[in-house]
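Thanks for coming, everyone. Please have a look at the structure on the screen, and I will walk you through it.

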Amino acid sequence: MSEKKHRVSRRQFLNYTLTGVGGFMAAGILSPMVRFALDPILKEETGQDMVAVAQVKDITTEPQRFDFKVKVKDAWYESEEPRSAWVFKDENGDIVALSPICTHLGCTVNWNGDKNNPNRFFCPCHYGLYEKDGTNVPNTPPTSPLHRYEYEIKDGTLYLGKAKPRGEA
């Protein structure tokens with residue numbers, strides 16, 4: 001009697017077999033696709049290297065725009081992306097390197113770009129204003145200060161890293 005309870009019919013056997021074979025085939029097809037999609041996420045992120053931008057002796061108290069290129073790896077595609085920074089020395093002689101990207105909508109800001117607002121960074125897209133140190137002027141579109149680049153000085157050369165918002169370490 002117990003033998004009859006545990007018997008598998010032909011229909012059940014074929015159902016189990018085809019389901020198992022189909023599952024193995026699906027796994028064989030999907031696993032390379034999943035690996036291909038997840039590979040860039042699983043790779044160890046390499047930190048952005050510092051890039052030589054200018055000689056420290058050339059930096060003044062007036063903001064100057066310096067253009068440079070950064071090697072960028074986007075999944076499998078590697079390229080050099082152009083970047084720029086507004087660099088100057090503050091009252092204490094410390095170097096300040098600001099991103100030219102407006103925090104409102106990503107337009108490019110210019111130093112002394114508006115005759116009505118001298119000695120300020122100006123965003124022509126929506127009339128955004130920033131003070132010389134990068135803080136946003138109240139009652140203008142930007143709601144946060146310009147991002148600052150990480151920097152280091154080696155052998156009289158200024159190297160810039162990644163631009164970060166003000167409160168980040």
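Let's start with what the record says. In an unreviewed entry, UniProt lists residues 87–160 under "domain: Rieske". Over residues 87–160, the chain is 35% strand and 0% helix.

How is the chain divided into domains? The domain assignment gives domain 1, residues 2–42, and domain 2, residues 51–164. Taken over C-alpha atoms, the centres of domain 1 and domain 2 are separated by 56 Å.

A word on confidence. This is a predicted model. The mean pLDDT of the chain is 83. Of its residues, 91% reach 70 or more. Which elements have the lowest and the highest mean pLDDT? Helix α1, residues 2–5, has the lowest, at 62. Strand β4, residues 95–98, has the highest, at 89.

Next, the inside. The largest nonpolar core has 15 residues. Phe68, Val87 and Leu160 touch the most other members. Which elements give two or more residues to this core? They are β1 (51–55), β2 (64–74), β3 (77–89), β4 and β9 (157–164).

Take Phe68. Leaving aside neighbours within four places in sequence, its contacts include Val51, Val53, Tyr149 and Leu160. Glu81, Pro82, Arg83, Ser84 and Ala85 are also in contact with Phe68.

There is also a second, separate core, of 12 residues. Among its members are Leu98, Trp111, Phe121 and Leu146.

Let's zoom in on Trp111. Trp111 lies in strand β5, residues 110–111. Is Trp111 buried or exposed? Its relative accessibility is 10%, so Trp111 counts as buried; the cut-off for buried is under 20%.

What does Trp111 contact, leaving aside its neighbours within four places in sequence? The partners are Glu62, Pro63, Trp86, Asn119, Arg120, Phe121 and Lys132. With Glu62 there is a side-chain to side-chain polar contact, at 2.5 Å. And Pro100 is 11 residues from Trp111 along the chain, with their C-alpha atoms 9.3 Å apart.

That's my tour. Questions, please.

Conventions:
Residues are numbered from 1 along each chain as its sequence is written. This is a predicted model: local features need pLDDT of at least 70, side-chain atom pairs count only at pLDDT 80 or more; totals for chains, interfaces and linings use all residues. Side-chain values use heavy atoms; hydrogens and water are left out. UniProt positions are given in the numbering used here, feature names are shortened, and annotations may be inferred rather than shown by experiment. Helices (H or I, at least four residues) and strands (E, at least two) are DSSP runs, numbered from the N terminus. Domain bounds come from an automatic or database domain assignment. Buried means under 20% relative accessible area, exposed over 50%, partly exposed in between (1.4 Å probe, protein chains only). Contact means heavy atoms within 4.5 Å. A polar contact is a pair of N or O atoms within 3.5 Å; within protein, one must be able to donate a hydrogen and the other to accept it, and residues adjacent in sequence count only if both atoms are side-chain atoms. pLDDT is the predictor's confidence in each residue, from 0 to 100. A nonpolar core is a set of buried Ala, Val, Leu, Ile, Met, Phe, Trp, Tyr and Cys residues joined through side-chain atoms within 4.5 Å.
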